[in-house]
Every structure is written in structure tokens, then in C-alpha cells.
Amino acid sequence: MRNDLDAYWMPFTPNKAFKSAPRMVAASEGQFYIMSDGRRIRDGFCGMWCSLLGHNHPKVTEAIVDQARRLDYSPAFNFGHEGAFRLADTISKLWPGELDHVFFTNSGSEAVDTALKMALAYHRLRGEGSRTRLIGRVLGYHGVGFGGISVGGMVNNRKMFGGLLGGVDHMPLPYNPAADAFTRGQAKTDPMLYLKELEQIIALHDPSTIAAVIVEGFSGSSGVFIPPQGYLQKLREITKRNGILLILDEVITGFGRLGAPNAATFFGVEPDLCTIAKGMNNAAVPMGGVVVSRTIYDTFMQGVPAGVEFFHGYTYSAHPLAVAAGNAAQDVFREEGVFDNVASLTAGFEDALHDLKGLPYVTDIRNIGLAGGITLETRPGAPGARGYELFLRAFEEGVAIRNNGDTIAIAPILTSRPEDIEAIFAGVKKAFAKLT
Ligand SMILES: Cc1ncc(COP(=O)(O)O)c(C=O)c1O
């Protein structure tokens, strides 16, 4: 039956269930959504890992309005505007070492596809065009472009869409619940337990055929799975030794989630490319990007004597409104000491999250920075049903959290105070009390 909700085909949503009991957001304010019936729902998932400064931050809002009055759009090719160069410069200074150039996109998915294309073209420009293979990870999430789902490892996001990109392998997720359930922070498991399979993949194909490995700092969308201590450092060593580029997908970890500007800084590794999006401009206007090493940038600049160096870009790359929001958000990160605030909240968040141990159906709890993951026992014959029920029950209790299958993610706004985090968990505990 057609009604006025019918026309909108909603993304990653059970459309029929939603349309029979819609949750309509009318407004937002700081830590809260205000629903169309006037209910205030506390945001325990930071938008979708993206509204890092809370909703409607006045400086971000004002910057967008001001920008819309002065320059609403400027062509992305052969034209530039001052704000774009300033934002690239500011962002590049947040990443370590050689990572000092930025290419703008409009989403994390576009950022991932851009980074994969950069990796392939970089090797070709250097005369190593045989390096075409890509390696991702089981349960990795890199958006929904064909590149992203090919290197990604979430079955439902892949199985309907044919052959995907050829020449892609997946290494295992560094997670072993049998040994490491309820670990606080990073487990002490030997990372080679997981990375030896990468070495086998490299040996099987020969390093000369492999362009890049892509991983998230921690696997966010699939359920907050945290790598053991030393994993990323070891991965960097292996990739470097074999001439393989390392792409770190920082769409969730960029701009403070770990209490550092990014995962590269937090883990003390220097990847070759880092994908960003979401919180870079507080998600107030769609935006993404790739932070690129000087070596890669210079290879393009020197390898192409004249004309366009990289045949890639989007109509809305560095859109003036997105850039204005980005420059304002970057100012606020600095002025309000947001990354330090996260670091000061992490221990309390960890305690509150692990306090859920022992509640019905909880089989594992994981945390890093201000990111928390909970695994629930699957209801027999109904995978995902219990996770969805907990999401609904938490909403009834006035808290928004995220379910993916039977895992739950909690990701507070980065400017939270301790009492905001307490309020999220108070709601979650009430939801658990009704969970069946
Ligand atoms: C690690 C990671 N990469 C890429 C993406 C895709 O970003 P977008 O939804 O903006 O395309 C996401 C989104 O959640 C993500 O978490």
C-alpha cells in the first residue's frame, strides 16, 4: 500500500519495519535528537560516528550559513577557493611524517575508491604496473563503492553484487573471542598469529603483484573489533618490506575518536594513504578525503610532465559549504581541546562499558578510545533479531545506539562530559532489563 513514506527507499534500513513504525527526527541540539513527537533522544552513537562536536555546533552552523551567502559553489576542476587550500593544510598537519597532501571527496566510500585508484596509478607511474592486487580484511568495512565492497569483508554488503573487483584477497580479522573476550583495550595476543596469513598471501602471489593493503585502525561498522597490541606496527613493517602501500581507513578514527588526532598517531605508524570523512567537518555537509604521502604526490607531479596528473575527481570535491564546515570544525577541535577531552574520558567510558558484563546475552565487550562494542548471543534461528531489539529498547529508553547483526556499537560525542556517558549507559542498562 502506498502512503507518503513509500517513495523514499531508505539506505541500510529495514524499510518495511521502519515505515510501519517510523522514527522521525525533527531537529537536533548538542547531545540530543528531538523527534517529531517532541521526545528528546540522547545520541549515544555520535550521529553515525560523525557528529563529533555534538549536533548544530554554533561555529560550524554559522560558517556554513556565511559561506552560502558568499560562494555557494565553485567548479572543482581548474578553479580553487581559498578555504579548500586552508583545510587541506590544516588536516595535513594532523597526520604524522610524510602524510602531507589531501585530496577531497564527498564521502568515505569515495575516499576509499580514490585511495585504491591512487595506489594502482602510483605503482604504474613508477614502472611497477604489475602491482595490481589489493588485500583487505575479513569483516572490514570500507563503504559501499565497488572498490570498497571488494576489499571490504562484510558478507551481506558483498554477496548480492556479482564478481566485484578481481585480484582481491582478504586476511583474517585479528580477533579471537575464545581467548580474548572481555579484554579491556588491546589484547596482548601475538599479532603474527593473524598476520602470518598475510605473509602467506604475499608469498602466494609474489610481492611484485600486490599494490596495497587496506585496513581500519579498528573494525568499526562490523562491531568494534580491536587489533592486539603491535598489530598495526607489524603490518606496517610487512607491507613496507614488500613494497606494498598501506592504506589506513580513518573514516571513523580520524579527528579524535581514540583521544589522538588520528589512528596513525595513536598507534605510532605512518601509512602511505589515509582515508577520512565523517567527523572531518562534523558531518554537517557531506565530505571525505584522502591524506596522501609526499612521495605519492611527488610521483604523480613528476611522473606526468604536463596536463592533468590524476584523472579522477568529483563535481563536489572541496564543495565550499563542506569546506566551510571543515575549517570551522578544525578550529573547534583545536580551541576546545577535543582530542584531549576524549583521552580524559576513555577510562570512565571503559569502566561503564565493561560494567555491562554479566547482563543477559552479553558474550563479549570491547573498547578503544571512545568506541565500545558488545556482542550478544544470537537468538536461535534469528540472527540479528536480538541486536535490533536492543536498539529499539534503547530508543524507547531515550538513547540512540547502533546495531549491526547481534553486535552493538556505542560511540559518544567527543565533547561529552562524564555525566553524558553515564546517561547513555543508564539508558542502555534499562534497555537490557527488557531484552528478550
Ligand atoms: C571505516 C569506514 N570506511 C568507509 C566508510 C564509508 O563512508 P560513507 O558512508 O561516508 O561512504 C565508513 C562508514 O561508516 C567507515 O566506517
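This is a predicted model: local features need pLDDT of at least 70, side-chain atom pairs count only at pLDDT 80 or more; totals for chains, interfaces and linings use all residues.

Let's start with the domains. The chain is divided into domain 1, residues 15–53 plus 336–434, and domain 2, residues 63–335. Their centres, taken over C-alpha atoms, are 26 Å apart. Where do they touch? In domain 1, 31 residues are in contact with 31 residues of domain 2. Helix H2 (46–49), H14, E11, E12 and E15 each supply at least two residues to that side of domain 1. H14 gives the most, with seven residues. By type, the residues on that side are 14 nonpolar, twelve polar and five charged.

Now the sheet. Which strands form it, and in what order? Four strands make an open sheet, in the order E11-E12-E15-E14, with antiparallel pairing. E11 (362–368) and E14 stand at the edges. Each has a single partner strand, so one side of each is left without a neighbour in the sheet. On average, neighbouring strands here are turned by 20° against each other, ignoring direction.

Two helices pack on this sheet. Helix H14, residues 338–354, touches E11, E12 and E15. Its direction makes about 175° with that of E11. Helix H15, residues 385–396, touches E12, E14 and E15. The direction of H15 makes about 170° with that of E14.

Now zoom in on E15, residues 407–410. Let's take its partners in turn.

Strand E12, residues 371–376, pairs with E15 in the antiparallel sense over four bridges. Find glycine 372: it stands opposite isoleucine 410 in E15. Then find threonine 375, which stands opposite threonine 407 in E15.

On to the other partner. Strand E14, residues 402–404, runs antiparallel to E15, and three bridges join them. Here asparagine 404 stands opposite threonine 407. So what links E14 and E15? They form a hairpin with two residues between the strands. Glycine 405 in this hairpin takes a positive phi near 55°.

Last point: the faces of E15. In a regular strand, side chains alternate between the two faces of the sheet. Are the residues on each face of E15 buried or exposed? Thr407 and Ala409 lie on one side, Ile408 and Ile410 on the other, and all are buried. Both faces of E15 are covered.

To recap: E15 pairs with E12, is joined to E14 by three bridges, and is touched by H14 and by H15. Thanks. Over to you.

Notes
Residues are numbered from 1 along each chain as its sequence is written. A residue is buried if 20 or more other C-beta atoms lie within 10 Å of its own, exposed if 12 or fewer, and partly exposed in between; C-beta atoms are placed from the backbone. Two strands pair if DSSP finds at least two bridges between them. Axes are lines fitted to C-alpha atoms, for helices over the stretch in contact, and angles run from 0 to 180 degrees between N-to-C directions. Two residues are in contact if their C-beta atoms, placed from the backbone, lie within 7 Å. Domain bounds come from an automatic or database domain assignment. Ala, Val, Leu, Ile, Met, Phe, Trp, Tyr, Cys and Pro count as nonpolar, Asp, Glu, Lys and Arg as charged, and the others, Gly among them, as polar.
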